[in-house]
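Biologist: Hi! Could you walk me through this structure?

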Amino acid sequence: MTRRDIPTEEGPHGDLLRAILAAPDRDPMPFAHPVVSWTDRDEDAYLEAIEACALASIRLERRGREHGDWAELDPARCPIRPGLPARGTRAFQTLCAERWHAARPIVLRDIAGELLDAFADEIAEAGGTHESLCERGGLAAWFAERAGLVAPDFEARADRVKLADPERDIERVALQASPPPGASAAARNLWCKSAWLSTHPEDRSVRLRFGHGKEGVDDGDRHILDHRLVAELAARLLPETAVATANPALVQLVEKLSGEPVLFTQALAYWNAPGGGALFHHDAFAEDAADDGSFRQLGVCYVQLSGATAWLAISTEDLMARIREFAEALEDGQLPWVRAQIFESKACPFPGGWKRFTALIGDSDALRRELARPGCGSLGPLVDRGPEFTAFLADAGHGAVLRPGDAILLPNSGLEKTCMHSVFCAGDEVAYSISLAMRPDREAPQVRAALDARRRERFEEKRAVRAAAPRSPTARKRSPKR
Ligand SMILES: [Fe+2]
């Protein structure tokens, strides 16, 4: 059933909000502020109940499509307050481990908050970087300004650069990486590219991505040395990635969850612009199905550095269950326009219509495979359907808002058991963030030690310089709400 069909008793003001938050099938993301959807057609009592405990109201719009409004609630003033373990306790660890192994998202509010000040200048400069990356030549200029940070270990190559995705890619820089101390391998090919997140003319969302080898082919390969060099390159060019990689609380948690040392690599810097963001997708590779997965990517760690983003994040298995629940509501005649528009009109975006859809969602293996396809395959028109499906997932507990210092872990156990996610810019400010893939760190210990020592040294140097310097007038100001 959808939110408006949750039975409420006649009675005290705000019952619908209480009913949504306490619904037995609501599965809220622990540690994230509670999120519910609202519309201006809702009953006054519901809106007043939300207003009494709201931290913020967030209008969701992406690529010209309205996804409705969310209220981010203050857990301390909510009518229903979930009991959650404190960070660092055994109960916290157990809860995180359960979610990690089920490929459910793990929100870590303010886990990087204390480190943001050390990178206040980089974070403030990111706004200008976004503007320049939007233009052809901007990435080359960005690299040229920073050549001293990477030479002589990384040098730009003069190869003719072909864009893998000419519609969205803006620019690409190819680099040659010298092997690190202790490694006998020859020089490796690395790259960095700037790209739009979409082709929508009003979406200024951009990402900067670091990788190696042949894009799309080698992204998920097992050459840990290449992944390590990509990590090193990103650490030099985006020192703010240290809010994750040199964050003891975060690293210790991830390494406990994975049971071994973890390498944070394949960095991305994201600028989610108002009206932009990412459609439902996953970050898993086909590598997982190819063998026992022992060196596979473990997941992705995303940290918000400025602005705010709104997320739907949910395991493949849970998304399958929610799609079936939503389909039942449509079958019962709720939201009739949704069924008509997606499955029954002449311009039906779901190939095969309602009949094929019900057959697909009745076959778990086929549904899992479909969700693993780019854009969630034929299910894209449903899972990216706003505002109805977006509101349905948020009211079921799968929405979260990330603000500066917050992180989200997106665990991954293969193409068909991963953490699916959909991202919106929350607010009028371009939201800056970093995202890193997590992989088992099993390189020769001397190579790892040499590079880790160099990284730590650079981080400490940075901290010392920051501590000695007068505070930048452009440094980030923390929200009084935090
Ligand atoms: Fe992603």
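Predicted model: local features only at pLDDT ≥ 70, side-chain atom pairs only at ≥ 80, totals over all residues.

Biologist: Thanks! Which protein donors does the iron ion have?
Modeller: They are His281 (NE2), Asp283 (OD), Asp283 (OD) and His421 (NE2), at 2.1 to 2.6 Å from the iron ion. Donors are N, O and S atoms within 2.8 Å of the metal (3.2 Å for Na, K and Ca); water is not among the atoms, so sites may look incomplete.

Biologist: And how are they spaced along the chain?
Modeller: The spacing is H-x1-D-x137-H.

Biologist: Is His281 buried, exposed or partly exposed?
Modeller: His281 is partly exposed, at 22% relative accessible area. Buried means under 20%, exposed over 50%, and partly exposed in between (1.4 Å probe, protein chains only). Asp283 is also partly exposed, at 23%.

Biologist: New topic: what is the strand order in the open sheet?
Modeller: The three strands run S1-S3-S2, with antiparallel pairing. Strands (E, at least two residues) and helices (H or I, at least four) are DSSP runs, numbered from the N terminus. Two strands pair if DSSP finds at least two bridges between them.

Biologist: How many bridges join S1 and S3?
Modeller: Four bridges, in the antiparallel sense. One of the residues involved is Val36, whose bridge partner in S3 is Ala71.

Terms used
Residues numbered from 1 in each chain as written. Heavy atoms only, no water.
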